Amino acid sequence: MPDSSFRSSMIEPDTKAPTLKRLRQISRVLDNAITIPGTQVGIGIDPILGLLPIGGDFLGVMFSCYIILEAARLGVSRPTLGKMVLNVIIDGLVGAIPVFGDFFDVAWTANNHNLKLLEEHLKFPSQQKSADKWFIIAVLVGLLLISIALVALPVILIRILWSAFSGS
């Protein structure tokens with residue numbers, strides 16, 4: 001049963017529409033704000049951030065976490081939150097691979113996928129039990145740790161390569 005203190009902080013039904021509208025806008029900006037001329041492919045700031053060495057993928061995951069946090073506030077169930085987190089993990093980890101990850105970020109629109117999961121939940125909200133506060137905290141801490149790893153691993157790899165090439 002969800003913690004009653006968490007339930008009281010959840011978004012009320014009459015405020016779901018503006019929240020959903022805001023999340024749609026954020027998802028669009030992150031995943032497909034600009035359409036590549038002559039194609040139906042869109043690029044958002046998430047793949048562009050992924051081009052930044054070391055911290056770009058960290059920032060992308062942090063922005064994606066906001067959508068997950070808002071989905072949790074809207075009462076999304078554990079299984080749906082789990083799928084949303086998996087989308088972000090795939091986006092962050094594969095996106096961190098140099099060159100390939102940059103192309104992958106354009107194709108894998110985790111935020112759009114997560115928004116579809118949220119909208120599906122909102123169509124039939126009473127069919128699934130909302131995630132409890134501790135599950136949500138665990139999910140967010142896990143995503144934070146993955147984000148930190150996305151920063152730490154390239155730094156460690158660069159240091160190892162530098163030592164190998166410089167002989168020190």
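Predicted model: local features only at pLDDT ≥ 70, side-chain atom pairs only at ≥ 80, totals over all residues.
Buried means under 20% relative accessible area, exposed means over 50%, and partly exposed sits in between (1.4 Å probe, protein chains only). Residues are numbered from 1 along each chain as its sequence is written, and side-chain values use heavy atoms, with hydrogens and water left out.

**The nonpolar core**

- The largest nonpolar core has 23 residues, and those with the most contacts inside it are Ile68, Leu81, Met84, Leu118 and Leu143. (Such a core is a set of buried Ala, Val, Leu, Ile, Met, Phe, Trp, Tyr and Cys residues joined through side-chain atoms within 4.5 Å.)
- At least two residues of this core come from each of H2 (16–31), H4 (56–73), H5 (78–95), H7 (110–123) and H8 (133–166). Helices here are DSSP runs (H or I, at least four residues), numbered from the N terminus.
- H4 gives the most to this core, with six residues.
- Setting aside neighbours within four places in sequence, Ile68 is in contact (heavy atoms within 4.5 Å) with Leu81, Met84, Val85, Val88, Asn114, Val139 and Leu143.

- In H6 (residues 100–107), the buried residues are Gly101, Phe104 and Asp105.
- Looking down the axis of H6, these fall within an arc of 105°, so they line one face of the helix; the arc is taken from the directions from the helix axis to the C-beta atoms.
- That buried set packs against H3 (45–50), H4 and H5.
- Turned away from the buried side, the other face of H6 carries the exposed residues Phe103 and Ala107.

**Aromatic rings**

- There are two aromatic pairs in the structure. Rings of Phe, Tyr and Trp (its six-membered ring) pair if their centres lie within 6.5 Å, and planes under 30 degrees apart count as stacked, over 60 as edge-to-face and the rest as tilted.
- Phe104 and Trp108 make a stacked pair, at 6.0 Å centre to centre with 15° between the planes.
- Phe104 has 19% relative accessibility, so it counts as buried.
- Ring pairs tie Phe100, Phe104 and Trp108 into a cluster.
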